[in-house]
Amino acid sequence: MSRSRIYFFTLLIIFFSCPASVTMASGLSSIRDTSMSLPSWDMLMRVFLLKDYNTRVVMFGTMSLGLAAGVIGTMMLLRKRALMGDALSHATLPGIGLAFIIMIQFGGSGKYLPGLLLGASVSGAIGLGCIMAIRHWTRLKEDAAMGIVLSVFFGLGIAILGIIQKMQTGQASGLQSFIYGKTAAMLAQDAKIIALVALLIVAICSLMFKELKLLCFDATFAQSQGWPIFFLDAIIMALIIIVTVIGLQAVGLILMIALLVIPPAAARFWTEKLLPMILIAAGIGAASGFAGAAFSALLPRLPAGAIIVVVASVIFALSLLFGTARGVVHRLIDHTKLSRKVAQQNLLRALFERSEGSRSLSEQNLSANASAASTSFKRLLLARSWSPRKLRRTIRHAISRQLVRARQYNHFSLTSNGLAEARRVVRNHRLWELYLINHADIAPSHVDRGADELEHILGPSMVDELLELLAVKHPELAMPPSPHVINSRSAAARAERHRSKTGSAKRT
Amino acid sequence: MDWTTLDTWIVITGVLSAMSCALIGNFLVLRKMSMMGDAISHAVLPGLAVAFLISGSRGSITMFVGAAIAGLLTALFTQWIHKFGKVEESAAMGVTFTALFAIGLILIVRGADSIDLDPGCVLYGAIELVPLDMVTFLGFTCPQAVWILGCVLLINILFTLLLYKELRLTCFDPALATTLGINANVMHYVTMTLVAITTVASFESVGSILVIAMLIVPAAAAHLLTNRYGLMLALSMIFAATSAALGHISAITVPTWFGFADTSTAGMIAVVAGLLFSLVMLFAPHQGILSKIWHQLRLSLRIASEDILGKLYRLEEATSDQPTYTQAVAIPANKWINRLARMDLSRTRKITREQNAYRLTEQGRNVARQLVRSHRLWESYVAKHFDLNVDHLHDSAERTEHYITQTMQQEMIEELRHVQTDPHGKKIPNQQSDEANSNKKGRKA
């Protein structure tokens, strides 16, 4: 508990220091006279009201790209192939280079965009084929297959670019933009292509939503139902290749991977359902695209692609912490609530069992006793292995909820509310013990622990079922007596002492 | 091609960096974390940038420290996001390294005037420029990169040798390692730090793409060649050295065949490594594709020939009047594998052909008897122990008969208390032919 808390705070600090380190670094660079002046109000208005034609184009393009990548990335993440985009985007490079050379050889301009994109798609598809072949034919796992294809294809791409650079007709500088992207220089035509592809992806995903959903969550089941798994996977891969290829020019190779991975991973923290997850991922993708474009328009010399990714990562960090479905804080709160409830019920049971042990077991006596008899802190402390601090805290909570009353100095007893709750818990505990003894053939001395874990989560319907099951053998089900010696450290110690005494007596 | 001292230095640099990467890469491949190499080699960028911004120099030590910290952070962040966020590990890796890379890119671009770092240089390196930076140390004049890479290789080799058995254990069974008192987590982070250091030492000269290639490809190729850990380490280093040397040579020569100028050595080293890998993937003795196909072919050939023999034997059994002659029609000749099997059987003299009929030789009959015996024993066994209809027994036996050994036959016959007939009422043939048996008895009598 405390350890995980320490981890958590470290995480918190580190995540907030990430953006801080950026600002710190910019502070450092301002010493070197590359100051980052804050944009004026005019500038802000110009950017956010989309008055600039150029900004408008870039924003449109990056937002569509983020949206498309978010949608298809979700599928990829759920198919457990998050890094496939990484491998495929690296694998497109030789195709781009070869297409350039071929177009030059046939007297073209070499930078004809559809030609380059075609080359990229073809070589991406070949890379995908290689990954599948390596995985199918050798004992290497998918990670090694992706690593091999990624590095070898990219190496080939670099070698081809090296050749191009030394060609007479050179001007290969444009090809570099496929690696780093040139977001700010996006043309209206590029933005239109991106938007079209985004539309295509959204259309295909919504048409095949049911099939893809099945594939993402239970591929084996889908296969047994007769769905063509391979074909569906191929569609996802094809869409990934397409979105990667169009994204290469906009944000560059590595940052394209980020757009495919980060928004879906962030969306996962907010929901457990596929459709909301896709929508959230698309939203995060689009929002980072917007913010990235805005920042790079406002501030000089910030690479828009990188800013998009940083914005997405900040959103990811926030989602990781505060997501409503799987966020760290959310889960921590749930966990704390549960452990508090468990501690509470343990306290009630301990109080009940102590007072039960001291007097006779008859029904009226019991309820009278439990509310009247008080138990000392010391005895409670011995009831289970809890620290004094934890016990004191638990008692304080119980008193504030009026389940437990403080008697004289350091003595506590149950209130009538507390007694009712304690009876319920003890009953659950013992019912489960009886169930284990009767139906799971476990020795009475071994059932306490299992019941200790389960008593807190037995629902009313379970209790009813247990009652039905056990009613024949055990007539005293209203409050069954414990099937074993009430286990406490003092009892165990006493038994131990007793045993050693008798043992030594025998020996003498 | 004119070879100069420069080329020699380039090859030496390439070989050193490739070998140090390949050695560490084995652990990545064996622990199924190959993409971690990719992640770390991208994610060192911000470490380098910050180290530069703080120290203001490109001195090696600060760079190393910065990169090692960045590499370690990548591993840590990945682990944390995976653990606390319950994100799948590869996705966590993807998030971490792209975010770090983006931050690094921003840092570099923001400080571009002051930072003498080019992201391009980080990605593809400039191995061609290595020999220009010579230093003299202890009387030897070497390029600086050779010194650095030599040290890193030495560190990696020492690390591997000193922690030989611990590393082996954590690679193959981290849980067992932990129970034996070896902290698998510490080993993990130490390995990751070494990956980061190796990456940094290499990227300056050969670029991060080559680093990824050398981390993964030679180790993967070695993994396909052997099952032994020590041999795998050695083989991967040999592969790495070979591809580095061949890579540089082909970078100079290959493009000239097509009338182009020479190209990037780093890129070509990766390509050569890829080619070597595909050769291994095709021709490896046990794991190779060809050998797998060959074994599969051998198996189907054996099954096909045994099926033919079994069929002939059963025909003989049914037409006991003219025992040795059967019609060729009985053997399905339409499939190529059957034709091949028939040729093989004739070659090994298990069947003979007379006009249109095939006949079992004595040798062939012995094999066939074993097969039919296995078949019928299996049927009896399944009939006894599984609640199956009699008409369901044949298919299972038809598949299993080819894999039943003598000892299994013996066990089954004992289990079945020496039954004489199978569930269909057919006689289970004896180990030897009846004549041989009677001969033996006769001799005994």
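Guide: Within E3(A), Phe412(A) is the bridge partner of Ala406(A). This is a predicted model, in which local features need pLDDT of at least 70 and side-chain atom pairs count only at pLDDT 80 or more, while totals for chains, interfaces and linings use all residues. Residues are numbered from 1 along each chain as its sequence is written, and chains are lettered from A and ligands numbered from 1 in the order in which they are written.

E2(A) and strand E3 (residues 411–414) of chain A pair in the antiparallel sense over 3 bridges, where two strands pair if DSSP finds at least two bridges between them. Together with E1 they belong to an open sheet of 3 strands in chain A, with antiparallel pairing and the order E1-E3-E2. Strand E1 (375–376) and strand E2 (404–406) of chain A stand at the edges, and because each has a single partner strand, one side of each is left without a neighbour in the sheet.

Chain A has 23 helices and 3 strands; helices (H or I, at least four residues) and strands (E, at least two) are DSSP runs, numbered from the N terminus. Of the 508 residues in chain A, 43% are buried, that is, 20 or more other C-beta atoms, placed from the backbone, lie within 10 Å of the residue's own.

Turning to the partner, 63 residues of chain B are in contact with 58 residues of chain A, contact requiring that the C-beta atoms, placed from the backbone, lie within 7 Å. H4(B) gives the largest share of this side of chain B, 15 residues, and by class the side has 42 nonpolar, 15 polar and 6 charged residues. Here Ala, Val, Leu, Ile, Met, Phe, Trp, Tyr, Cys and Pro count as nonpolar, Asp, Glu, Lys and Arg as charged, and the others, Gly among them, as polar.

Helix H15 (residues 304–322) of chain A packs with H4(B) at an angle of about 135°, their axes 8 Å apart, and this angle makes H15(A) oblique to H4(B). Axes are lines fitted to C-alpha atoms, for helices over the stretch in contact, with angles running from 0 to 180 degrees between N-to-C directions; under 35 degrees counts as roughly parallel, over 145 as roughly antiparallel, 65 to 115 as roughly perpendicular and the rest as oblique. Residues making this contact include Val310(A) and Phe316(A) of H15(A) and Ala99(B) and Ile103(B) of H4(B), and the contact has 11 nonpolar, 2 polar and no charged residues.

How values were computed. Two residues are in contact if their C-beta atoms, placed from the backbone, lie within 7 Å. A residue is buried if 20 or more other C-beta atoms lie within 10 Å of its own, exposed if 12 or fewer, and partly exposed in between; C-beta atoms are placed from the backbone.
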